[in-house]
Amino acid sequence: MNGWRPVTKRFIVFCALLALMALAQAAVPGHGLRAFLDRDHVALGDTVTLNIEGAGALNGTPDLSPLQSDFDVLGTSSSSSVQLVNGAASSSTQLGIALRPKRAGTLTVPSLIVGGSPTPSLILHVASAPSGAQGTPGDPAFLEASVDATSPYVGQQIVYTLRLYYASGLTGGQLDDPQADDARMIHLDSDTRFSTQRGGQTYQVIERHYALIPQHAGNIVVRGPGFQGQMLDTNNANGIFDSFFGDGKPLEARADDIVLDARAIPAGAGMPWLPVQSVQLKLDGLPADGNARVGEPLTLTLRIDAVGVTAQRLPEPQLPPIDGARVYPDRSQDTTRQDGGWLHGTRIRGFAIVPGRNGALIIPTITLNWWDVAHDHAAQARILQQVLQVTGAAAGNATPPIAPTISSANASSGGVVAHAASRRGASLWRIVALASLAPWAIVLTALAWWWLRRQKRAHADSLDSIAGPRAGKRELRQRALHAARRHDATTCEHALLDWARETKPGLHNLGQLRDALAEPAQREALDALERARWQGGDAAAACEGIARVFERGIIWHEARAQTAHADDGLPPLYP
C-alpha cells in the first residue's frame, strides 16, 4: 500500500503541470507564433507556400484579403502535432497558404492577424518567367508546343498545338493559355486526351489546339504557357491523405517560346485580302424554269463559306447591279464554327429582286478574290452569269393586268371594257363606244348616282361598278389613301397603281410609277413602300409617308403634265 503512494503523487504532480502549461498557452494568444516561406526566390508563374506556425491550436482562419494585391491565393491546409521532450508535452499547429505571385520584382508578404496576434511580414524575390522549356521527358510532367506554319501571312490562321504530358499520381493543376502581343489566340473546341510512351515511361496526354492569327507583319513571339499542379508524394507517409484533400507535392512545367515571321500582304494580291484554306460561293433561289414575272419579287440567297477565317473577316455578300430590276438586300447572317483545327466562317445574305420589264433579266457574274495559302497564290471564286426570262407586263398598248383587289363579284358581272392603253390613241375607240354604249351609259350613270347617294363612303377594297368622268379618279385616290392610313401596304400598292393607270395606263409596277414622278418626296415614299413590301421594312411608317405626300395628288414630270391633266373624253369602264 505504501509502495505505490510516491508513484501516484509524482503522476498527479506531472498531470497538474501539463494542465498548467496548457492553460498558460491558451491564456496567451499567439504565443510562439511564427511565419516563414518554403522558399524566398521564385520565378513568375511559380507557387510558394506561406507557413504560419503557433504553439497550441490556432484560433480560427486569418483574413487573407491583404495577400490578394500581389498574390493569387490558391488554397490552404493545416496540420497539428504533439511532442514529449524530457517528460514535457508540447503541441503546435501549422497553417499552409499556397500563393502565386502576380508580378515580378521584390514583393512583401504582408502581416496577417492570427488569434489576435500579427505575423511578421516577409520578403519574396520573384524573377521574370523563364522563356525556355521547364520539364523534359522523364520528368513527372512536361509541355510541348508546335505550329503548322512559322511564316504565315498577316490575317492568316495557323494552328498552335499544345500537349501536356504527365505521369500518374497527378491530383490537380492549372494549364495556362499561350500569349502573344501581336497575334490573336482562339481556343478551338474541347481538349483531346490519350496516353503514350515517352522515354520508356507512360504518360497521360492532354492535347489542346488554338487558332493563331497574326495581326502585324514581322517577328511575333508566342510565349510558352505554364502548368502548375500537385502530385501524390509517394515518399510522404501522408501522401494518400494529402491527395484526398487536394494537397500534394508541387509540380511545374513550361513550354518553349515560338517565334513566327509574319509576312505582309503580297503585291499581287487582290482585294479584299482574304488568306484562307478555301472559299465557296453559292447562289440559291433561282427559279428552276428560268422564268420570272414583272413586279413579282424573286428571293435569292448569296452565301460565302471559307476555311481558316471568322465570319466577321469575310466581306459582306453583294450582288452586282442588275439592269431592269430593283434590288433590296437584307442583313447578312454570320456564323463561325470550329472543327478542332480550323475556323469555318459563313456569311449569308438575302436579296429581293423585283423585275421591272419584260425580256431577259441578266444577273452578272459574281466574283470574290482570295489568297490560297495552301498553294501560296491568288485565287478567285465565282458564280457564272445567270439569265432569266421575264414576262407579265403588257406589251405595247395591251391592257395591263387587273389589280387583285377587285372583288370577285365585280369580276364575274361580265363588264364591257377594260382600261384604254393611252388617251392619245383612244379617240376612235371613244367615238365607237359613245355610239354603241350611250344608252347603257345613261342607265348605268343613273344607277351609279342612286347607289352613291346611299353609300357615301364605299369600302376601299372594292371598286364601284361604274363611275363618272371624274368620280373614278376620286374614288381610286380615296381608296389608295384609305389603305395607306390603315397601314395595309399590299392594298396600298395596288391602289396606287390603279390610281396612276387612270392617267398612264402603261404603268405596270411601282418602279415605273416612280420614274414617272416629278416630286422627290413621292419617289422616296414609293421606295419606302417597296422596302416594306420586299425587305421587311416598317410598313406603318411607309404607309403614313404615302398618305402624307400623295394627299394632294400624283405629281408627274412636266414633260407629261399635259397628258396628266387631260380629263376630256369618256373614262374607261371597269368590269
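This is a predicted model: local features need pLDDT of at least 70, side-chain atom pairs count only at pLDDT 80 or more; totals for chains, interfaces and linings use all residues.
Start with strand E27, which spans residues 366–372. Most of E27 is covered: five of its seven residues are buried. Strand E28 covers residues 377–383. E27 and E28 run antiparallel to each other, and seven bridges join them.

Now look at the connection. E27 and E28 make a hairpin, with four residues between the strands. Asp-376 lies in that turn. Its phi is positive, at about 55°.

E27 has another pairing, with strand E19. E19 consists of residues 275–276. Here the sense is parallel, over two bridges. Val-276 has its bridge partner in E27, and that partner is Asp-372. So much for E27.

Turn next to a separate topic, an open sheet. Three strands build it, in the order E12-E16-E17, and their pairing is antiparallel. Which strands stand at the edges? They are E12 (170–175) and E17 (249–254). Each has a single partner strand, so one side of each lacks a neighbour in the sheet. From one strand to the next, the twist averages 20°.

Finally, take the pairing of E16 with E17. E16 runs over residues 226–231. Six bridges link E16 to E17 in the antiparallel sense. Within this pairing, Gln-228 stands opposite Glu-252 in E17.

Definitions and conventions
Residues are numbered from 1 along each chain as its sequence is written. Side-chain values use heavy atoms; hydrogens and water are left out. Buried means under 20% relative accessible area, exposed over 50%, partly exposed in between (1.4 Å probe, protein chains only). Two strands pair if DSSP finds at least two bridges between them. Axes are lines fitted to C-alpha atoms, for helices over the stretch in contact, and angles run from 0 to 180 degrees between N-to-C directions.
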